[in-house]
Amino acid sequence: METRGLSPERGRLWIIPSSIAHSAMNLPAAPQATGPLVLVVEDEPGIATILSAYLQRDGLRAQQAHDGLEALRLFRQLKPDMVLLDIHLPGMDGLDLLRAIREDGNTPVIMVTALADDVDKLLGLRLGADDYVVKPFSPPEVVARVRAVLRRTQAQPAAPARGTQRIRVGRIEIDQEAHAAFAHGEDGRPVALPLTLTEYRLLACLAAQPRRCFSRSHLIDHCLPESDALDRVIDSHLSKLRRKLQQAGQGDLIETVRGIGYRLWPGDGAPV
Ligand code: CA
């Protein structure tokens with residue numbers, strides 16, 4: 001026996017092997033209701049149920065939403081610790097929902113898609129998803145990705161200056177306690193930078209040791225641990241971070257050091 005679903009997008013059929021579906025259905029209910037809450041946004045009930053069961057077996061709490069509007073309502077109401085977000089949804093698609101979630105803050109989001117093409121689109125749009133998985137997937141792999149992203153989001157920022165809660169480099173200020181970064185304008189007024197968690201971590205890592213050159217592999221180890229991220233993933237996050245710093249009037253603070261990696265260079269004479 002297999003659990004099947006017909007995706008509305010391009011009529012694609014996905015199949016979860018009976019061994020996985022069967023074991024998921026027989027999983028015990030969540031033993032504790034205190035783990036991080038994952039909002040599972042998935043319009044195919046079979047997939048939503050299986051994912052929720054696997055998440056719960058791993059000690060996480062799961063709440064299902066079956067269309068985009070219900071998902072947005074539950075996101076705002078429940079303030080989940082993470083969102084597992086199918087791209088193709090009725091009501092409001094996953095990309096619009098991701099935009100709405102990003103307007104609200106940096107809640108980690110793993111995108112789920114049946115189409116490999118969507119991954120390029122996602123990377124191209126630079127909407128700030130923390131990771132993505134492509135169907136057909138194995139539920140244990142999805143749980144491992146969820147755990148990895150949660151570890152990143154719940155860990156301390158990389159290489160903070162010892163004993164300090166705030167780092168100030170030039171006109172950038174990082175509040176490590178609040179996991180927030182600010183840009184001070186010409187008038188000295190701080191404006192919060194709308195960074196994803198990964199972008200925040202990269203900025204905190206670079207700013208902890210200004211003018212030091214960090215290799216891509218160092219940045220992956222410290223800002224995307226437990227990830228098998230490739231160099232181009234770091235490049236993509238840094239390019240988004242750069243753009244946000246520029247949009248905040250901070251110019252080209254992050255330098256690419258050819259053949260080595262990146263560094264934060266606040267400019268000669270700037271306070272460090
Ligand atoms: Ca779907």
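This is a predicted model: local features need pLDDT of at least 70, side-chain atom pairs count only at pLDDT 80 or more; totals for chains, interfaces and linings use all residues.
Local features are reported at pLDDT of at least 70 and side-chain atom pairs only at pLDDT 80 or more, while totals for chains, interfaces and linings use all residues. Residues are numbered from 1 along each chain as its sequence is written.

The protein chain contains nine helices and 14 strands; these are DSSP runs, numbered from the N terminus, with helices being H or I of at least four residues and strands being E of at least two. Of its 272 residues, 35% are buried. A residue is termed buried if 20 or more other C-beta atoms lie within 10 Å of its own, exposed if 12 or fewer do, and partly exposed in between, with C-beta atoms placed from the backbone. Contacts are pairs of residues whose C-beta atoms, placed from the backbone, lie within 7 Å. Among contacts between residues at least 6 apart in sequence, 60% join residues at least 24 apart.

The largest nonpolar core has 33 residues, and those with the most contacts inside it are Val 38, Val 41, Leu 51, Val 83, Leu 84 and Leu 85. Such a core is a set of buried Ala, Val, Leu, Ile, Met, Phe, Trp, Tyr and Cys residues joined through C-beta atoms within 7 Å. At least two residues of this core are supplied by each of strand 3 (37-41), helix 2 (45-57), strand 4 (61-65), helix 3 (68-78), strand 5 (82-86), helix 4 (94-104), strand 6 (109-113) and helix 6 (139-154). Helix 2 gives the largest share, seven residues. A separate core of 30 residues includes Ile 172, Leu 195, Ala 207 and Ala 208. In soluble globular proteins, nonpolar side chains tend to be buried together.

Leu 55 is found in helix 2 and counts as buried because it has 27 C-beta neighbours inside 10 Å. With neighbours within four places in sequence left aside, the contacts of Leu 55 are Val 38, Leu 60, Ala 62, Val 143 and Val 146. Leu 55 and Val 40 are 15 residues apart along the chain, and their C-alpha atoms are separated by 9.7 Å.

All twelve residues of helix 7 are buried, so this helix is largely enclosed by the rest of the structure. Its buried residues include Glu 199 and Arg 201 as well as Leu 202 and Leu 203. In helix 9, the buried residues are Ile 234, His 237, Leu 238, Leu 241 and Leu 245. Viewed down the helix axis, these fall within an arc of 95 degrees, so they line one face of helix 9; the arc is that of the directions from the helix axis to the C-beta atoms. Arg 232, Arg 243 and Gln 247 are exposed on the other side of helix 9. The cover over the buried residues of helix 9 includes helix 7 (197-208), helix 8 (216-223), strand 13 (254-257) and strand 14 (261-264).

The axes of helix 7 and helix 9 come within 9 Å and cross at roughly 80 degrees, axes being lines fitted to C-alpha atoms, for helices over the stretch in contact, with angles from 0 to 180 degrees between N-to-C directions. The two helices are therefore roughly perpendicular to each other, a term used for angles of 65 to 115 degrees, with those under 35 counted as roughly parallel, those over 145 as roughly antiparallel and the rest as oblique. Thr 198, Glu 199, Leu 202 and Leu 203 in helix 7 meet His 237, Leu 238, Lys 240, Leu 241 and Lys 244 in helix 9.

Thr 113 is found in strand 6 and, with 22 C-beta neighbours inside 10 Å, counts as buried. The C-alpha atoms of Thr 113 and Lys 135 are separated by 5.9 Å, although the two residues are 22 apart along the chain. Lys 135 is joined to Pro 136 by a cis peptide bond, with omega about -5 degrees. Pro 136 has its place in the loop between strand 7 (131-134) and helix 6.

Positive phi values occur at two residues other than glycine, Lys 79 near 45 degrees and Arg 211 at about 75 degrees. Lys 79 is in the loop between helix 3 and strand 5, and Arg 211 is in the loop between helix 7 and strand 12 (214-215). Lys 79 counts as exposed, with 12 C-beta neighbours inside 10 Å, and Arg 211 is exposed with 12 other C-beta atoms within 10 Å.

Conventions
Two residues are in contact if their C-beta atoms, placed from the backbone, lie within 7 Å.
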